[in-house]
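Reader: Walk me through this one, please. Keep it brisk.

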Amino acid sequence: MAQAAIDYTRIRTVIEQGDVDARVALASDPRTLPEILFFLVKDPDARVRRAVAENPATPIKAGPLLARDDDIGVRCALARKV
């Protein structure tokens, strides 16, 4: 249980204060929890959203949001996965 709290603290720090590379790494990792990936769908950087779209662990319910993304690279990454 304590390990989960530590992981959530680290993840929250990455999301709130991490640079783009750290957020992309989190979004790319297939071990990232689906709820974290769903949260990252709203990241301001398209590289992070693209990594979420490519991640096989991304929940299906994130698809409609990614399909309407302003960045064509995000939409294409999602289409390649489908």
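**Side chains, core and loops**

Reader: Start with Asp 45. Buried or exposed?
Author: Asp 45 counts as buried, at 17% relative accessibility. Buried means under 20% relative accessible area, exposed means over 50%, and partly exposed is in between (1.4 Å probe, protein chains only).

Reader: What am I looking at, and how was it handled?
Author: This is a predicted model: local features need pLDDT of at least 70, side-chain atom pairs count only at pLDDT 80 or more, and totals for chains, interfaces and linings use all residues. Residues are numbered from 1 along each chain as its sequence is written, and side-chain values use heavy atoms, with hydrogens and water left out.

Reader: Back to Asp 45. Which side chain does it meet in a salt bridge?
Author: That of Arg 47, at 2.8 Å from N to O. A salt bridge here is a side-chain nitrogen of Lys or Arg within 4 Å of a carboxyl oxygen of Asp or Glu. Arg 47 is partly exposed, with a relative accessible area of 45%.

Reader: What does Asp 45 do at the start of H4?
Author: A side-chain oxygen of Asp 45 reaches to within 2.8 Å of the backbone nitrogen of Arg 47 there. That is a polar contact: a pair of N or O atoms within 3.5 Å; within protein, one must be able to donate a hydrogen and the other to accept it, and residues adjacent in sequence count only if both atoms are side-chain atoms. The helix labels come from DSSP runs, numbered from the N terminus: helices are H or I with at least four residues, strands are E with at least two.

Reader: How many salt bridges does the structure hold?
Author: Six. One of them joins Asp 69 and Arg 49, 2.5 Å from N to O. Asp 69 lies in the loop between helix H5 (63–67) and helix H6 (72–81), and Arg 49 in helix H4 (residues 46–54), so the pair ties together parts that are 20 residues apart in sequence.

Reader: Asp 69 and Arg 49: buried or exposed?
Author: Asp 69 is buried, with a relative accessible area of 9%. Arg 49 is buried too, at 11%.

Reader: And Glu 16? What does it form a salt bridge with?
Author: Arg 12, with the closest N and O atoms 2.9 Å apart. Glu 16 and Arg 12 are about one helical turn apart because they sit four residues apart in helix H1 (residues 2–17). Both residues are exposed.

Reader: Switching topic. Which residues touch the most other members of the largest nonpolar core?
Author: Leu 26, Leu 40, Val 52 and Leu 66, out of 20 residues. Such a core is a set of buried Ala, Val, Leu, Ile, Met, Phe, Trp, Tyr and Cys residues joined through side-chain atoms within 4.5 Å.

Reader: Which element gives the most to this core?
Author: H4, with five residues. In H4, the buried residues include Val 48, Ala 51 and Val 52. Their cover includes H2, H3, H5 and H6.

Reader: What does Leu 40 touch?
Author: Ile 15, Leu 26, Ala 27, Val 48, Arg 49 and Val 52, leaving out residues up to four places away in sequence. Contact means heavy atoms within 4.5 Å.

Reader: Now the loops. Where is Thr 58?
Author: In the loop between H4 and H5. Thr 58 counts as buried, at 9% relative accessibility. A polar atom of its side chain lies 2.5 Å from the backbone oxygen of Val 52.

Reader: And where is Thr 32?
Author: In the loop between H2 and H3. Thr 32 counts as buried at 6% relative accessibility. A polar atom of its side chain lies 2.6 Å from the backbone oxygen of Leu 26. Beyond four places in sequence, Thr 32 touches Leu 26, Leu 37 and Ala 57.

Reader: Arg 31: buried or exposed?
Author: Exposed, at 72% relative accessibility. Arg 31 lies in the loop between H2 and H3.

Reader: Last one. What sits over the ring of Phe 38?
Author: The charged end of Lys 61, 4.8 Å from the ring centre. The test is NZ of Lys or CZ of Arg within 6 Å of the ring centre and within 35 degrees of the ring normal.
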